[in-house]
Amino acid sequence: MSPADLPVPDAVAALLRSRRTVHLFEPEPVPDDVLLRALDLARWAPNHRLTEPWRFVLLGPETAATIVDLNARLVAAARGAAAGEAKRVRWAAVPGWLVVTCRVSEDATRMREDYAACSCAIQNFQLYLWSEGIGVKWTTGAVTREPAFYDLAGLDAARETVVGLLWYGKPAVVPEAARRSLEAVLTRRP
């Protein structure tokens, strides 16, 4: 690939700046070919020593409904029945569900590097879908740490850890931009 084959920098910058976390989705599902392209591109994320530590688990409607119920019960136990039911209604409206996990390593440095690589894979997934007009919400809520969630998603807690539960679909609402200025987060040292 030559530099002439690369995307125009302004187009890349516009994609990066426009991407938003989407909370509300239209009900129609994402076409399978678009989803599979996004997952294929996710795996091109940088990863130390080419460990490719990620695993992607697409959740179908039956599994998603069971997770919706699990989360509604957890929320109801913590904040009351009305809060649990409100969460059930909101989560049941999500058209697409993906779990991203990271292979567990006994080496703390490798685990940190692998987790970062999985986060990069999620960003690749989000950016590609955004370029197709599809929004994503990356959540790490309490339900993702429940043993029952691992069982429902077919995960092995001894071998993998959840990096995120991702919801995806056509945005019903696109939130406004909200970022601090570069000056607020940049320090220069001599």
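Throughout these legends, buried means under 20% relative accessible area, exposed means over 50%, and partly exposed is whatever falls in between (1.4 Å probe, protein chains only). The model is a predicted one: local features need pLDDT of at least 70, side-chain atom pairs count only at pLDDT 80 or more, and totals for chains, interfaces and linings use all residues. Residues are numbered from 1 along each chain as its sequence is written, and side-chain values use heavy atoms, with hydrogens and water left out.

**View A. Trp-91, Trp-97 and Trp-167 are linked by ring pairs into a cluster.** Rings of Phe, Tyr and Trp (its six-membered ring) pair if their centres lie within 6.5 Å; planes under 30 degrees apart are stacked, over 60 edge-to-face, and the rest tilted. With Trp-167, Trp-91 makes another edge-to-face pair, at 4.9 Å and 75°. Trp-91 sits in helix 4 (residues 81-92) and Trp-167 in strand 4, so this pair ties together parts 76 residues apart in sequence. Helices (H or I, at least four residues) and strands (E, at least two) are DSSP runs, numbered from the N terminus. Trp-91 and Trp-167 are both buried, and Trp-97 is buried too.

**View B. Helix 2 (residues 32-42) packs on helix 5 (residues 108-131) at about 145°, with the axes 8 Å apart.** Axes are lines fitted to C-alpha atoms, for helices over the stretch in contact, and angles run from 0 to 180 degrees between N-to-C directions. Contact here means heavy atoms within 4.5 Å. Helix 2 brings Val-34, Leu-35, Arg-37, Ala-38, Leu-39, Leu-41 and Ala-42, while helix 5 answers with Ala-121, Asn-124, Phe-125, Tyr-128 and Leu-129.

**View C. The largest nonpolar core has 24 residues.** Such a core is a set of buried Ala, Val, Leu, Ile, Met, Phe, Trp, Tyr and Cys residues joined through side-chain atoms within 4.5 Å. Leu-98, Phe-125, Leu-129, Leu-166 and Tyr-168 have the most contacts inside it.

**View D. Leu-6 is found in the segment before helix 1 (9-18).** Leu-6 is partly exposed, with a relative accessible area of 46%. Leu-6 and Pro-29 are 23 residues apart in sequence and 31 Å apart in space, C-alpha to C-alpha.
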